Amino acid sequence: MLGRRRPAGARQAPAPEKRPPALNARVIAPRRGWRGPAAGRAAHVETGSVYLGTSVQVAGLFPFMQASGLPAEGVPIGPDLLTHEMVCLDPPGWLGRLTNNPSIWVQGQPGVGKSAIAKRLCLGLVGYGYAMLCPGDVKGEYAGLVRALGGQVVRIGRGLDRINPLDSGPLGRLLPTLPEQRREILLAEVNGRRGELLHALLATAHGLGRRPVAQESAALNAAIRLAAADPATDPTIPDVIKVLREAPGPLLDRLMLRSHDEYLTEVRAIVAALENLCDGPLSGLFDGPTTTPLDLNAPAVSVDLSAILTAGDHVVAAGLLACWAYSYSAVDTARAFGVLARPVVLPLDELWRALRAGPGMVEAFDGITRLNRAKGEISLMITHSLRDLEALPTEEDRAKASGLMERCDTLILAAMPMSELTRISQRKPLTDAERELVASWASPTATGIDGTTQVHPGRGKYLIKIGQRIGVPVRLALTPTELELYHTDPAPRRQVSAS
Amino acid sequence: MTATTTEPRTYGGWRRSRSLGIGRLDSRQTVILMTAVLVPLLAAAFGAVRLAFVLAGVALPVLGLALVQRGGVLLMDLALARARWQWAAWRGETSYRGGVFAELPRAWDLPGVLAPTTLLDVEEPGRGRVGVVWNQRTGWMSVTLLLSPAGALLADRATVEQQVAAWGDLLASLADDETVRAAAVTIELVPESGTQLADHVAGRLDPDAPELARRVLGELVAAAPRGAARVNARLTLTVDPAAGGARPRSVPEAAAEALRSLAGLSVTAAGADVLRRASATDLVRMVRCAFDPDAAMAGVSEFDALTWGEAGPVAAEDLWDHYRHDGAYSISWALLEAPRQRVSHDVLLPLLSPGRFPRRVTILYRTLSRDEAGAVLEREVNAAAAREEYRRRTRRDPTARERADAERAARAAAEEAHGAGLVQFSLFVTTTVTRWEDLADARREVEQAAGRSRLKLRIARGGQSAAFAVGLPCGIYPPAA
C-alpha cells in the first residue's frame, strides 16, 4: 500500500502519486477499530472533561516544569534531586557541544564534600584512560585513592621527599638528545616557567612579600638562564643564589651595571629573599634536587603536602605553588617528548590557599595552568570562597582571578552561604531559585543539634551548572567500594571541617 | 531579586466547555429535559391521561439519568459507557490478538482506535527522515517533536513567566493554521533502563584502567537503573491536510502539509529545546515500549526493523478499569475537573514528578479558530451584560459568582483582543506496571499526585484502551471522536 512503512531494507521514499489517495474503506479499520471477536475494538472512547480558556490562562498549566536532564554520558555522579534521573558529567566529551572548556570549578563550604565529587570525577576519568595527577594534596586526602589505584604518592616534608621547583621534570635530562632548535624552544619555555615560579615564590611572605621590581626581575631571569646553562642537570634555588652571589660578567652586562656596589644594591633584597626560601620553615623542602621523580606512567600520582600543613598557611601556599609548577613542567616535558599520550586530570584542591599567599600569585597560577588548556588536561579548581579572590591586593590580580573561574564552563556548587552565591552570581549568573537551593543546603539544622555528630545538611549535594543551562541539583551516592576506600582515608572528617 | 517583591502570576478562569442549553445544562441534557417534560404533557393535552402517566413514569428515570451526577459524571454517561463496554465484552471485541493470529484485512493493524493508523516514513528536505502517523479513516496526519524541556524549577520567575507566555502564544498560534486539528503534549516519566549508560561506559572504559576504577564504574552502572527516572517530553501535532485551502492530492503531499505546520511552532521560547522530529523508528519505539515496557531495554537499532503492526501488543485485554497488554497492566485516567481556583504555573509539578511507577501525562489542546473564539467571547460578554442589566432592574446585589463570571468574561475578551486564542484542553494520565501486585499502588500514586496538582481525574472506565492510546504519539484526540 502506498506509503505504508516497509520492513528495513525497503525504506525508499514512497513514489510521488499524482492522483488522490484511493483508499478501500473495507481494508481500513473503522475509527474505533475492527469489529469481531479478538479485534481489540475500543468499546467506548472516554472524552473526559473538555475545558475552555484563553491561551494566556491555559498556558498556566505549564507542561515543561521538569527538565529532561543531561545526556547519560561520562562519569556517573548520582540521582538528580528533583527528577531522580541519573546525572553524569562528561567535561571532555561535551567539549564543543555543551561546553567550550573542559575545566571544572568546584566551590563550597568546608566539609560539604568538595573533594568527594572531585575524587569521583578523577576515578571515573582514570577508568576512561586519563592519568590522574594531584599536584598538591594539602590534606593528604587523595593519597588513599591514589594508592588504591596503584599510583605513586610523593610525600613532601622535612625528612621525607624533596622536590626541586626548578626541575624540568623527570624527562628534562633528555633535553640534550633533542635537535638543537627544539631544545632551544623547550629550554626557553622551561626557563620562562622557572622565572614565573621564582617570582611567585618571592612574592610570598617568606620571600620579598611583593613582586620583584624590573631590575630584580631581570637579574633573576638572567641568573636562571645562567644556572640552567647545562641542559644535563636541573638548577636548584641554591644554584640560582650562587650565580647571583658570584655576579658573573654576562649577568652584569645584562643589567648594564658597571660597579659591583651598584649590583649589590639591586640584588641584595632578592638574594636575601631566595635564601629565606631555603631556610627557616621552608628549609629542606625545595632547596635541593628532586629525590623522587614523578612516575607519569603510573595510573595516578599525588604530591602529598600534608606533612607541612602545620607549618602555616604561607608555607603551604609556597609549597603548593612549587608543587604545581613542578608537576606541570613534568607533564609538559613528558608531552614534549611524546611519552605521555594519555590526557590528564588535575585536581587543584585548596586553590584559595595558593591564591591568597601573596601578590602576583594569580598571575603565576594563570601562567602555570594556561599553557595546558589546549592539550587535553582537565583542571578541577577547588576552592571554598570567592572572597579570597576579591581580597587580592591589585585590580589586575582580581581580574585574573575571576578569569580563572569564568574560563570554567562547568560549575559545581556545594553548600555555601547566600553572600558567597551572590558573589558567584556576579560572574556567572545564577537564578534566584538556584541560589536559594544551594543556600538551603548550607543552613544549619533547625533543631540546633550539636554539629559534631551530625552530618552536614548539604553534604554530598551539588548544583551542577553547565554553561548557561539551568543548574542540575544532584546527590553524590558513594558506591560500596568508595565507602570502604574513604572509610580508611587517613584524613578524618574533623580535620576537613577545621579548615 | 527585585521580582520577589511582586505577586506571583496566577492562571485560571477556564471552565468546562459545553454546548448551549438552558441554565447550566448542555444541549443534550436540554433536549432530554424538554422531551421528558413535553411528551407526557402533550399526551395529557391530547386527552390520553393514562398514556401521559405511563410516559411520565418512563420520563422520570430518564430525567434522573440525564440530570443526576455521580462523582461529577452524569449517570447517563456512566450507563452508556457500561453498556457499550459490556456489549463489546460479550462479543469478545475487547480482546485483541494481533499479527499472525488475526485474519486479513485486520492482521497487522494495531488495536482499537489505533487500527486505522499507519506509519509513513517521509523524507523531509534538509532534515532527514521523519515519521508521520496517518489516520486513514479521518485522513489526519500526526507529526511529533521530541523535546528537551529546560526545566522551570530552578529558573527565575520572570524567565518562567516569559516561557509560560510563550507557550500561550504557541497555543494561540495554532488558530492561525486552519489545518491544525489538535496538539498534544506528553510528558513521559519512565524508569531509566540504564542500558544507554552501560553501553557508553563499556565503550569508553580503558582496558588498562586500574581495577578500582573499573570496579567503581561497574558499581555505578549497576546502581543507575534503580530509582532513576527519565523525563521524556514530546509534542504531537495533528493536522487535517484536507482542511487547508490547498487540497493535497497525494499522501506525501499531505504529510508535507503536516510537516509544514510543525515548522511554524516556536517551542524553544516556551522553555523546551527541540531535540529532533521523531523518525519512524522513534515512533515505533515509543509505541512498542508503551505496550511492552521491557522492550525499553533493547537498543535503538533493534526497532529499525519493526513495522508499525509489530509496534503494537501481541495480545491485549481491554478490561473495565484497566488495560492488560503484553505482560503489563495500565490504568488510564481522563480529566474530570481542572483546578477551580487560580493557580501558579507550577501547579502540575506533582503530577509531572517521577514516582515509583512509569507515568504518562498528556495534555490535549484544540485552539478554536478566530471566528469561533470571537463568537464565544462575545456571547459571554453579552450574557454578563444581560445579567448586569437584569440585576440593575431588580435592584439586586450581584453575587460573588456573578461578579467573578463577569470579570472573567471581560478579562478573556481583553486577552483575545491582545492576540490570545481560545483553547480547549483536556488531560489524560496513564500509568503502567509490569507486576499485577503493583497496580493498586500505582493507581494510588497517580491519584495522590493529581490531587496535589489540584486536578480531579477519573478512571476511564470501559474506555481503557482508547485512553491508553491518547498518550501515544498517534494523534488520537478523544474529544473529537
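View 1. The model is predicted: local features need pLDDT of at least 70 and side-chain atom pairs count only at pLDDT 80 or more, while totals for chains, interfaces and linings use all residues. Residues are numbered from 1 along each chain as its sequence is written, chains are lettered from A and ligands numbered from 1 in the order in which they are written, and side-chain values use heavy atoms, with hydrogens and water left out. Patch members have over 30% relative accessible area and no salt bridge, with like charges joined within 9 Å and nonpolar side chains (Val, Leu, Ile, Met, Phe, Trp, Tyr) within 5 Å. A salt bridge is a side-chain nitrogen of Lys or Arg within 4 Å of a carboxyl oxygen of Asp or Glu. Arg387(B) belongs to helix H11 (residues 370-394) of chain B; helices (H or I, at least four residues) and strands (E, at least two) are DSSP runs numbered from the N terminus. Arg387(B) counts as partly exposed because its relative accessibility is 33% (buried is under 20%, exposed over 50%, partly exposed in between; 1.4 Å probe, protein chains only).

**View 2. Ile22(B), Met34(B), Val37(B), Leu38(B), Leu41(B), Leu42(B) and Phe46(B) form a nonpolar surface patch.** Together these residues have about 690 Å² of accessible area, computed by the Shrake-Rupley method with a 1.4 Å probe. Met34(B) is located in helix H1 (residues 27-45) of chain B and is partly exposed, at 39% relative accessibility.

**View 3. Strands E5(B) and E6(B) form a hairpin with 3 residues between them.** The antiparallel pairing of E5(B) with strand E6 (residues 128-135) of chain B runs over 8 bridges; strands pair if DSSP finds at least two bridges between them. Thr118(B) has Trp134(B) in E6(B) as its bridge partner. In the turn, Gly126(B) has a positive phi of about 85°. Of the 8 residues of strand E5 (residues 117-124) of chain B, 7 are buried.

**View 4. Asp326(B) has a positive phi of about 45° although it is not a glycine.** Asp326(B) is placed in the loop between strand E12 (323-325) and strand E13 (328-337) of chain B. With 22% relative accessibility, Asp326(B) is partly exposed.

**View 5. Arg454(B), a residue other than glycine, has a positive phi near 60°.** The loop that holds Arg454(B) lies between helix H13 (439-452) and strand E16 (456-459) of chain B. Its relative accessible area of 43% makes Arg454(B) partly exposed.
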